[in-house]
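Biologist: I've got a structure open and I'd like to learn how to read it. Can you walk me through it feature by feature?

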Amino acid sequence: MTTKLIVFAALIGQMAIAYPPEYKSYDDGHHDHYAHAPAPYHFEYGVKDLHTHDIKSQSEVSDGHGNVKGSYSLVEADGSTRLVEYTADHEHGFNAVVKKIEAPYHHSEHSDIGYHHHESLHPYKSSSHFKFY
């Protein structure tokens with residue numbers, strides 16, 4: 001009896017491999033080219049988390065004909081701001097202009113100009129020589 005069951009299972013397995021099930025496509029041959037045409041859009045967002053020093057923003061707009069214009073900015077670890085302005089279209093491709101805006105000048109501890117030291121509000125006391133501004 002066990003032998004018959006093993007032979008039967010092997011035959012069913014062989015049929016499954018020899019005749020795999022057919023999967024029907026949802027594509028019935030009719031292509032609607034306008035269903036996937038670019039649509040106009042506009043979006044923007046910004047983050048300003050002073051606790052983690054995560055400060056960034058982005059905006060982008062498209063006219064629905066493949067022409068895109070946008071920009072994003074973020075504050076780097078050194079306090080400078082990176083600003084990227086970009087365009088993209090079928091004729092010129094993707095073009096970006098990157099600008100770096102230096103961080104505002106901070107007086108050092110050894111400056112003769114009135115320096116006032118403020119304790120960090122951050123609960124973590126760092127033992128390193130790096131300072132968070």
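Biologist: Let's start with E76. Is E76 buried, exposed or partly exposed, and how do I tell?

Modeller: Keep in mind that this is a predicted model. E76 has 27% relative accessibility, so it counts as partly exposed.

Biologist: Which residue does E76 form a salt bridge with?

Modeller: For a salt bridge, look for a side-chain nitrogen of Lys or Arg within 4 Å of a carboxyl oxygen of Asp or Glu. Here R82 is the partner of E76, and their closest N and O atoms are 2.6 Å apart. R82 is partly exposed too, because its relative accessible area is 30%.

Biologist: How many salt bridges does that rule give?

Modeller: The count is four. Among them is the one joining D78 and K100, at 3.5 Å from N to O. D78 sits in the loop between β3 and β4 (81-89) while K100 belongs to strand β5, so this pair ties together parts that are 22 residues apart in sequence. K100 has 53% relative accessibility, so it counts as exposed.

Biologist: What about E85, which residue does it form a salt bridge with?

Modeller: That's K99, with the closest N and O atoms 3.4 Å apart. E85 is in strand β4 and K99 in strand β5, so the pair ties together parts 14 residues apart in sequence. E85 is partly exposed, with a relative accessible area of 35%, and K99 also counts as partly exposed, at 39% relative accessibility.

Biologist: You keep mentioning strands. How should I read a sheet?

Modeller: Here's the general idea: strands of a sheet pair through backbone hydrogen bonds, either parallel or antiparallel. In this model, five strands make an open sheet in the order β1-β2-β3-β4-β5, with antiparallel pairing. β1 and β5 (93-101) stand at the edges with a single partner strand each, so one side of each has no neighbour in the sheet. From one strand to the next, the twist averages 10°.

Biologist: How many bridges link β1 and β2?

Modeller: Nine, with the two strands pairing in the antiparallel sense.

Biologist: One last thing: which residues form a nonpolar patch on the surface?

Modeller: Y41, F43 and Y45 do, with about 270 Å² of accessible area together. Y45 is found in strand β1 (residues 41-49). With a relative accessible area of 42%, Y45 is partly exposed.

Terms used. Residues are numbered from 1 along each chain as its sequence is written. This is a predicted model: local features need pLDDT of at least 70, side-chain atom pairs count only at pLDDT 80 or more; totals for chains, interfaces and linings use all residues. Side-chain values use heavy atoms; hydrogens and water are left out. Patches are made of residues with over 30% relative accessible area and no salt bridge: like charges are joined within 9 Å, nonpolar side chains (Val, Leu, Ile, Met, Phe, Trp, Tyr) within 5 Å. Accessible areas come from the Shrake-Rupley method with a 1.4 Å probe; for residues, only the protein chains shown count as cover. Helices (H or I, at least four residues) and strands (E, at least two) are DSSP runs, numbered from the N terminus. Buried means under 20% relative accessible area, exposed over 50%, partly exposed in between (1.4 Å probe, protein chains only). Two strands pair if DSSP finds at least two bridges between them. Axes are lines fitted to C-alpha atoms, for helices over the stretch in contact, and angles run from 0 to 180 degrees between N-to-C directions.
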